[in-house]
Amino acid sequence: FFALLHSGYPSRAHCIRRFENITVFMLAPEDVILLNIATLSEDDMADIALLAKKGLLDRERIAQLAEEALTGYIGCRGNIRQNLKRVTDTIALHAL
């Protein structure tokens with residue numbers, strides 16, 4: 001299993017709950033998308049379209065983060081770039 005993850009994801013994560021011995025963080029939408037790019041499914045694409053319709057995605061930012069994350073990626077980069085194009089095209093189509 002290979003996934004694309006940008007090294008800066010911790011700084012974009014949001015704290016959603018603190019317990020006595022653990023803090024739970026939620027990844028930022030762009031980082032969730034990066035994780036899904038390697039195995040992009042139709043359900044992922046539907047989720048991306050929905051987030052874009054709500055104005056929660058920045059197409060250029062996702063492309064930038066993906067290109068930066070690719071520098072340390074082990075796997076087929078051609079597939080990642082093809083999926084990234086599908087993602088950015090979907091965001092452009094559905095963005096507010």
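In which handed sense does helix 3 pass helix 5? The crossing of helix 3 past helix 5 is right-handed. Right-handed here means that the near helix is turned clockwise from the far one by less than a right angle, and left-handed that it is turned anticlockwise. Helices (H or I, at least four residues) and strands (E, at least two) are DSSP runs, numbered from the N terminus.

The model is predicted: local features need pLDDT of at least 70, side-chain atom pairs count only at pLDDT 80 or more, and totals for chains, interfaces and linings use all residues. Residues are numbered from 1 along each chain as its sequence is written, and side-chain values use heavy atoms, with hydrogens and water left out.

Start with the pair just named. Two packed helices are described by the angle between their axes and the distance between the axes. For helix 3 and helix 5, the axes cross at roughly 35° and come within 8 Å. Axes are lines fitted to C-alpha atoms, for helices over the stretch in contact, and angles run from 0 to 180 degrees between N-to-C directions. Helix 3 brings Glu 42, Met 45, Ile 48, Ala 49, Ala 52 and Lys 53 to the contact (heavy atoms within 4.5 Å). Helix 5 answers with Arg 86, Val 87, Thr 90, Ile 91 and His 94. By class, this contact holds six nonpolar, two polar and three charged residues. Ala, Val, Leu, Ile, Met, Phe, Trp, Tyr, Cys and Pro count as nonpolar, Asp, Glu, Lys and Arg as charged, and the others, Gly among them, as polar.

Two residues of this contact deserve a longer look. Met 45 sits in helix 3. Met 45 counts as buried because its relative accessibility is 8%. The cut-offs are under 20% relative accessible area for buried, over 50% for exposed, and in between for partly exposed (1.4 Å probe, protein chains only). Leaving out residues up to four places away in sequence, Met 45 touches Leu 40, Arg 86, Val 87 and Thr 90. Val 87 belongs to helix 5. With 0% relative accessibility, Val 87 is buried too. Beyond four places in sequence, Val 87 touches Ile 33, Ile 37, Leu 40, Met 45 and Ile 48.

Leu 50 is another residue of helix 3. Its relative accessibility is 45%, so Leu 50 counts as partly exposed.

Now turn to helix 2 (residues 29-37) and helix 4 (residues 59-70). Their axes lie 10 Å apart, at an angle of about 50°. Helix 2 and helix 4 are therefore oblique to each other. Angles under 35 degrees count as roughly parallel, over 145 as roughly antiparallel, 65 to 115 as roughly perpendicular and the rest as oblique. Helix 2 passes helix 4 in a right-handed crossing. Glu 30, Ile 33 and Leu 34 in helix 2 meet Ile 62, Leu 65 and Ala 66 in helix 4. The residues of this contact are five nonpolar, no polar and one charged.

Helix 2 also holds Asp 31. Asp 31 is buried, at a relative accessible area of 0%.

Apart from neighbours within four places in sequence, Leu 4 is in contact with Leu 34, Leu 35, Ala 66, Ala 69, Leu 70, Tyr 73 and Ile 80.

Finally, look at strand 1 (residues 14-18), where Arg 18 is placed. Arg 18 counts as exposed, at 60% relative accessibility. Arg 18 and Pro 29 are 11 residues apart in sequence, and their C-alpha atoms are 21 Å apart in space.
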